[in-house]
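Here are my notes on this model, as numbered points. Please read them with the structure open.

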Amino acid sequence: MTQQDVTRLQGIFGRNPREPGSLIAVLQDIQREFHYLPREALSETAKALEVPLSKVYSAATFYSAFSLTPRGENIIRVCKGTACHIKGADLLLDQLESGLGIKPGETTPDLKYTIEVVNCVGACAMAPVMIVNAKYHGNVPCNRALRLVKKA
Amino acid sequence: MVHITINGKVIKATEGEMLLSVIRRHGIEIPALCHHEAIEPTGNCRLCMVEITREEWDGWKKHVTSCLYPVEEGLIVSTHTPDVIEIRKTILDLQLANCPDSEVIQKMAEEYGIYKTSYEVVPEGDNCIMCYACTRICEVLGRSAISAVGRGHRKEIAPPFGAEPPDCIGCLACAQICPTDVIPWTDRDNTRTIWDRKFELISCKECGRQTIAREFADYLIEKRNIPREYFEICDNCKRSELARKMGEIVARAQEVAI
């Protein structure tokens, strides 16, 4: 962890009450700032909130919103629910995989993009759906997928 | 003091007591895996299920985990009705699919007439029943070195990051409380290994026998105010020393008497 990271972490601890009840809020802040939960950050969180490290790790591994491995600045979620699957989500995913050189769940080495596959986002009418960060893209033609991602 | 009926017999119990301890105190055997005196009950294994009803419930009844159910005046408890036995059989059947190699569960299941699970055996399963007895005892001891990791069917008990647990003191409480005996540990020469972490064992000053891990002793010295000397000699040697002293006293007393 660099000095800058330590300062950012101290900022997060400063913004939250220093008590065990702040655990999830602190983890969410770390996830937002670092795009994942670095190992040292979890140890520091345990010390700062006086929560056993095992409990911090337990919470960090329980919620799918937290990641223990670095994730990209841009999270691309490709829906592979029934409707999206029928409307060609696989082709879309293929384009992204070959374009970015990573598989679902992986992150590009420059930490720019992470691809995730989700099961349904409740927007089946506009299948196939791809979500880049918080923006929903519907009826995505597979040849446009990569361009939409790069524009983000 | 409250009065409850267990299998037709009226029994006195103390308010706030859990049903399971009252039932067991009166010599009625019901199975339980996750229950232990040292830790708070959580009702994880579901085996201690019994049937309860009350006079005014008009024949209505329900099934509860007895380890978690506090006694109350007028409660009517049945521990071995056909329904209860059926529930226990189902649980044991499922547990047998989960841990086919566990002798404890095999034995319990056999007592209920199940010799082979009717479900599909969990592939690559260990014998862990996820009862959390180990994590709870670790918490009671004030260490919380291990915890549940992950979620859903992938959940397992492990130290943080799957590495040597920094808060572990090698006390073996987790391994000893485990009802299905799944936590591996070894004592070899002067070294204890548990959760992949190595601990130096203290040797008795008198006989050289290994006693407890140094970290465990240090923890007890600090937290429970036990003098360091206490851990230098093993229990056996302490007893021999005591016996020797007692012998001397008796001999002296006899001398005086003569």
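1. A charged patch here joins like charges within 9 Å, using residues with over 30% relative accessible area and no salt bridge. On that basis, A:Lys135, A:Arg144, A:Arg147 and A:Lys151 form a positive surface patch. Keep in mind that this is a predicted model. Where does A:Arg144 sit in chain A? The residue belongs to the loop between β4 (135–137) and α7 (145–151). A:Arg144 has a relative accessible area of 34% and is partly exposed.

2. Next, the layout of chain A. The chain has seven helices and four strands. Read from the N terminus, the order is α-α-α-α-β-α-α-β-β-β-α. Along the principal axes, the C-alpha atoms of chain A fill a box of roughly 50 × 30 × 25 Å. Chain A has 152 residues, and 45% of them count as buried.

3. Helix α3 (residues 39–49) of chain A contains A:Arg39. Is A:Arg39 buried or partly exposed? A:Arg39 counts as partly exposed, because its relative accessibility is 47% and buried means under 20%. From A:Arg39 to A:Leu27 the C-alpha distance is 12 Å, and the two are twelve residues apart in sequence.

4. Now the aromatic pairs. How many does a search of the whole structure find over all chains? The search gives five aromatic pairs. One of them is A:Tyr57 with B:Phe161, whose ring centres are 4.8 Å apart. Their planes meet at 55°, so this pair is tilted. The pair crosses between chains. On one side, A:Tyr57 is in helix α4 (residues 53–62) of chain A. On the other, B:Phe161 is in the loop of chain B between β7 (156–158) and α5 (173–177). A:Tyr57 counts as buried, with 11% relative accessibility.

5. A pair in chain B has another geometry label. Why is the pair of B:Tyr230 and B:Phe231 edge-to-face? The planes of the two rings are at 85°, and planes over 60 degrees apart count as edge-to-face. The ring centres of B:Tyr230 and B:Phe231 are 5.3 Å apart. B:Tyr230 counts as partly exposed at 42% relative accessibility, whereas B:Phe231 counts as buried at 11%. Back in chain A, ring pairs link A:Phe62, A:Tyr63 and A:Phe66 into a cluster.

6. Chain B also has a nonpolar surface patch. B:Leu242, B:Met246 and B:Ile249 form it, and together they have about 320 Å² of accessible area. B:Ile249 lies in helix α7 (residues 235–257) of chain B.

7. On to salt bridges. The count over all chains is 23. Among them is the bridge between A:Asp90 and A:Lys80, with the closest N and O atoms 3.1 Å apart. A:Asp90 is in helix α6 (residues 89–100) of chain A, and A:Lys80 is in the loop between β1 (74–79) and α5 (82–86), so the bridge ties together parts that are ten residues apart in sequence. A:Asp90 is partly exposed, with a relative accessible area of 33%. A:Lys80 is partly exposed too, at 30%.

8. Strand β10 and helix α6 of chain B deserve a look. Which side chain meets B:Arg197 in a salt bridge? The partner is B:Glu215, at 3.6 Å, N to O. This bridge links distant parts of the chain, 18 residues apart: B:Arg197 in strand β10 (residues 197–203) and B:Glu215 in helix α6 (residues 214–224). B:Arg197 is buried, with a relative accessible area of 16%. B:Glu215 counts as partly exposed at 28%.

9. B:Glu200 and B:Arg214 also form a salt bridge, with their closest N and O atoms 3.3 Å apart. B:Glu200 lies in strand β10 of chain B and B:Arg214 in helix α6, so this bridge ties together parts that are 14 residues apart in sequence. B:Glu200 has a relative accessible area of 42% and is partly exposed. B:Arg214 counts as partly exposed at 33%.

10. Last, a salt-bridge network in chain A. A:Asp5, A:Arg8, A:Arg15 and A:Glu33 are joined into one network by salt bridges that share partners.

Notes:
Residues are numbered from 1 along each chain as its sequence is written. Chains are lettered from A and ligands numbered from 1 in the order in which they are written. This is a predicted model: local features need pLDDT of at least 70, side-chain atom pairs count only at pLDDT 80 or more; totals for chains, interfaces and linings use all residues. Side-chain values use heavy atoms; hydrogens and water are left out. Patches are made of residues with over 30% relative accessible area and no salt bridge: like charges are joined within 9 Å, nonpolar side chains (Val, Leu, Ile, Met, Phe, Trp, Tyr) within 5 Å. Accessible areas come from the Shrake-Rupley method with a 1.4 Å probe; for residues, only the protein chains shown count as cover. A salt bridge is a side-chain nitrogen of Lys or Arg within 4 Å of a carboxyl oxygen of Asp or Glu. Lys and Arg count as positive and Asp and Glu as negative; His and the chain ends are not counted. The place of a charge is taken as NZ of Lys, CZ of Arg, CG of Asp or CD of Glu. Helices (H or I, at least four residues) and strands (E, at least two) are DSSP runs, numbered from the N terminus. Buried means under 20% relative accessible area, exposed over 50%, partly exposed in between (1.4 Å probe, protein chains only). Rings of Phe, Tyr and Trp (its six-membered ring) pair if their centres lie within 6.5 Å; planes under 30 degrees apart count as stacked, over 60 as edge-to-face and the rest as tilted.
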